[in-house]
Amino acid sequence: SLVADGLKLMTWGFFQKLVIADRAALYVGTVYADPAAHTGLPVILATLVFGFQMYCDFAGYSNIAIGSAQVMGFTLMENFRRPFLSRTLPDLWRRWHISLTTWFRDYLYFPMGGSRVPPWRLAFNAFFVFAVCGLWHGASWTFVTWGALHGFFLALSVATAPARDRLWGRAEGVYWRMMGPPEAVRAMGPSVPTALRDRVVRRLPGAVRTVVQMTCTFSFVIFVLVFFRSASMGDAFAVIGNAFSPSSSNVIVGLGRYEFFLLWLSMGALMGVELVEEWEDARVPGQRGDFRTFLKRRPAWVRYPVYVSLVLSILMFGEYGANEFIYFQF
């Protein structure tokens, strides 16, 4: 029912906020409060964890609101669609904070001509819109730099897409020349079933490309978050410089060992759910992957332990401090 689905989405939102985002805030806040005191791995991990903190804080807020509205009989638009699994920057901004990016698209990007303009104007449009988006988050050079970097590399991504497609096509051609014709693939060895071997060989180039694209996009997004999180440009450059210095002796800061392990376990659970949803998207074309729908198709002895575990995780492992939603400051 709509009420049950709404409650499930609210529960998932509370898990994202209380178990992941608020616990991540303790680690990130300790490192970024004194950038000069931390170097190497703690800085890298804090920046990575901040990506999950911000995502789970924003997405948790959205899911609680959308679920609450659904319980009351209203349908609100989806606001996040697994952005950390994006393959390109344009793909990322179709998945991240959809309500905000849609507003900027409709009221700023399209009136400027959108993508139906010369290449140089397209690059300027993307740069300008994201610079304004950064300024919208706060009147600070750190936010403007974060937005401008996204705009610049988004334009660069669109401009270089044909060249990258040709490069991947050539790499795939080399792969198939190395593998030989299908008859040669089938003769690779009798130890693996032929159908399975053919499927792996056929899908390997696409899988490698997807992993490389996701890794590059995710790495860029996490890197530029240094500017979003830092209190000043000086702090941002200090964080970047310290990330390449020898590691501090203590990697676990702001959290105990148990809490640190729990943070990474919960982030792993989040990505596991999103991978299932992404797989559902690919398996059923035209249908949005939804973990709630995925569970509905499973027997009760599978569904209910998941629901109970989620509720118990919130009650037992949630951080119930005075951590407001990050978005309240914007």
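The model is predicted: local features require pLDDT of at least 70 and side-chain atom pairs pLDDT 80 or more, while totals for chains, interfaces and linings use all residues. Residues are numbered from 1 along each chain as its sequence is written, and side-chain values use heavy atoms, without hydrogens and water.

A pocket is an open set of points, on a 1 Å grid over the protein atoms alone, where a 1.4 Å probe fits and protein lies on both sides within 12 Å along at least five of seven lines; its lining residues have an atom within 4 Å of a point. The volume is the space filled by probe spheres set on the points. The largest pocket has a volume of about 1000 Å³. Its lining comprises 43 residues, and Leu9, Trp12, Glu277, Asp290 and Arg292 lie nearest the centre. Helices here are DSSP runs (H or I) of at least four residues, numbered from the N terminus. At least two lining residues come from each of α1 (2–33), α2 (41–71), α10 (257–283), α11 (291–296) and α12 (300–317), and α1 gives the largest share, eight residues.

The second largest pocket has a volume of about 650 Å³. It is lined by 23 residues, with Trp93, Arg94, Arg105, Tyr109 and Leu154 nearest its centre. Here α3 (89–95), α4 (98–109), α5 (119–137) and α6 (141–179) each supply at least two residues.

Aromatic contacts form the next topic. Rings of Phe, Tyr and Trp (its six-membered ring) pair if their centres lie within 6.5 Å; planes under 30 degrees apart are stacked, over 60 edge-to-face, and the rest tilted. The whole structure holds 25 such aromatic pairs. Since phenylalanine 153 lies in helix α6 and phenylalanine 220 in helix α8 (residues 194–229), the pair ties together parts 67 residues apart in sequence.

Elsewhere, Phe52, Tyr55, Phe58, Phe80, Phe84, Trp96 and Phe218 form one aromatic cluster.

A charge sits over a ring if NZ of Lys or CZ of Arg is within 6 Å of the ring centre and within 35 degrees of the ring normal. The charged end of arginine 229 is placed in this way over phenylalanine 50, 5.9 Å from the ring centre, and arginine 298 lies over the face of phenylalanine 294, at 3.9 Å.
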